[in-house]
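Hi everyone, thanks for coming along. I'd like to walk you through one structure today, so let me put it up on the screen.

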Amino acid sequence: NLYKYLWFAGSSILILMYYPLTFVFEKLFGFVSDITLLELSDTNRPLLRMLAEKAPGTFQHSVQVANLAEEAVRKINGNTLLVRAGALYHDIGKTKNPIYFTENKLFGQSPHDKIEPEESAKIIIDHTINGVQIAGKNKLPEQITDFIRTHHGKSKVRWFLHAYKQKYPDKKVDETKFTYPGKLPYSKETAVLAMADSVEAASRSLKTINEKTVNDLVENIVNHQITEHYFDNADITFAQISKVKEVFKEKLKNIYHSRIEYPED
């Protein structure tokens with residue numbers, strides 16, 4: 001009987017020590033537990049509440065990206081908790097200068113109309129740099145910060161690059177000023193987040209919503225990322241990317257169901 005009580009006491013102590021030991025092991029070995037990921041995904045956390053207050057459009061975008069990415073990653077047997085947490089924080093840098101981002105812009109003139117294309121590009125690019133700084137100050141795990149670094153990779157801010165070329169056709173362009181200084185996605189989760197981010201943002205600008213426009217949108221964006229060698233460092237296959245595309249198409253059709261135009265009989 002004594003042994004039974006000792007086993008009971010021992011197991012009770014181990015249960016009580018579970019949370020603090022998990023935290024210690026995370027710090028020692030640099031991994032992120034499911035418990036931490038669940039806590040980070042709580043939208044009532046101060047950092048996410050700040051995002052919702054300062055950049056409400058970005059917050060809604062991040063939630064939609066999280067939903068898209070989580071479902072797609074589940075389809076290819078990735079870490080759904082990790083990609084969801086990463087998606088919620090990937091645009092946290094937009095809390096600085098939020099009105100310069102389309103999803104937060106109020107009615108009326110765009111603030112970009114009053115500044116030079118180079119300055120606009122810097123503000124847009126800086127959201128990733130600011131995001132990494134904010135993540136560091138708030139002690140977010142490196143695995144989450146990597147979603148901030150990789151979701152634009154080394155892509156270009158093409159809209160403002162094109163605007164600069166049109167405004168100054170005789171000037172030589174320094175394209176580094178229009179290029180994100182990030183790193184390429186390196187995992188299934190970071191790759192899917194990059195796809196979901198671009199697809200969700202572009203879907204908001206669709207004037208006509210039907211099966212063809214949604215399908216074309218997803219195909220064009222993801223295929224462009226492939227041709228730009230966006231996923232060369234990621235452990236994701238073409239077969240898995242095809243599955244991700246199909247998830248995006250179905251999810252977007254469900255999101256915009258009331259706006260879908262169906263062919264007449």
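Let me begin with a term: a residue is buried when its relative accessible area is under 20%, exposed when it is over 50%, and partly exposed in between, using a 1.4 Å probe and protein chains only. With that in hand, look at Glu 200, which is buried, with a relative accessible area of 3%. I'll come back to the partner of Glu 200 in a salt bridge.

Before that, some housekeeping. This is a predicted model, where local features need pLDDT of at least 70 and side-chain atom pairs count only at pLDDT 80 or more, while totals for chains, interfaces and linings use all residues. Residues are numbered from 1 along each chain as its sequence is written, and side-chain values use heavy atoms, with hydrogens and water left out.

Now the overall picture. The protein has 11 helices and 0 strands; helices here are DSSP runs of H or I with at least four residues, strands are runs of E with at least two, and both are numbered from the N terminus. Read from the N terminus, then, the elements go α-α-α-α-α-α-α-α-α-α-α. The C-alpha trace spans about 90 × 50 × 35 Å along its principal axes. Of the 265 residues, 45% are buried.

Helix 1 covers residues 2-29, and Trp 7 sits in it. Trp 7 is exposed, at a relative accessible area of 68%. Together with Leu 2, Tyr 3 and Leu 6, Trp 7 makes a nonpolar surface patch of about 590 Å². For patches, the residues must have over 30% relative accessible area and no salt bridge; like charges are joined within 9 Å, and nonpolar side chains (Val, Leu, Ile, Met, Phe, Trp, Tyr) within 5 Å. The areas come from the Shrake-Rupley method with a 1.4 Å probe, and for residues only the protein chains shown count as cover.

Next, a pair of helices. How do helix 9 and helix 10 pack? Helix 9 (residues 188-203) and helix 10 (residues 211-227) meet at an angle of about 140 degrees, and their axes are 10 Å apart. The axes are lines fitted to C-alpha atoms, for helices over the stretch in contact, and the angles run from 0 to 180 degrees between N-to-C directions. That angle makes helix 9 oblique to helix 10, given that under 35 degrees counts as roughly parallel, over 145 as roughly antiparallel, 65 to 115 as roughly perpendicular and the rest as oblique. The crossing of the two is right-handed, which is the word for a near helix turned clockwise from the far one by less than a right angle, with anticlockwise being left-handed.

On to the salt bridges. The structure holds 21 of them, each being a side-chain nitrogen of Lys or Arg within 4 Å of a carboxyl oxygen of Asp or Glu. Here is the partner I promised: Glu 200 pairs with Arg 204, the closest N and O atoms being 3.0 Å apart.

Another bridge joins Lys 167 and Glu 116, with the closest N and O atoms 2.8 Å apart. This pair links distant parts of the chain, 51 residues apart: Lys 167 is in helix 8, and Glu 116 is in the loop between helix 5 and helix 6. Lys 167 is partly exposed at 45%, and Glu 116 is partly exposed at 33%.

What about helix 11? Glu 250 and Lys 253 both lie there, 3 residues apart, about one turn of the helix. Their side chains meet in a salt bridge at 3.8 Å, N to O. Glu 250 is partly exposed at 44%, whereas Lys 253 is buried at 14%. Elsewhere, salt bridges that share partners join Glu 70, Glu 71, Arg 74 and Arg 84 into one network.

Finally, the loops. Asn 97, in the loop between helix 5 (80-89) and helix 6 (117-137), has a positive phi near 60 degrees without being a glycine. Asn 97 is partly exposed at 40%. His 229, in the loop between helix 10 and helix 11 (238-255), also has a positive phi, of about 60 degrees, and is not a glycine. At 49% relative accessibility, His 229 is partly exposed.
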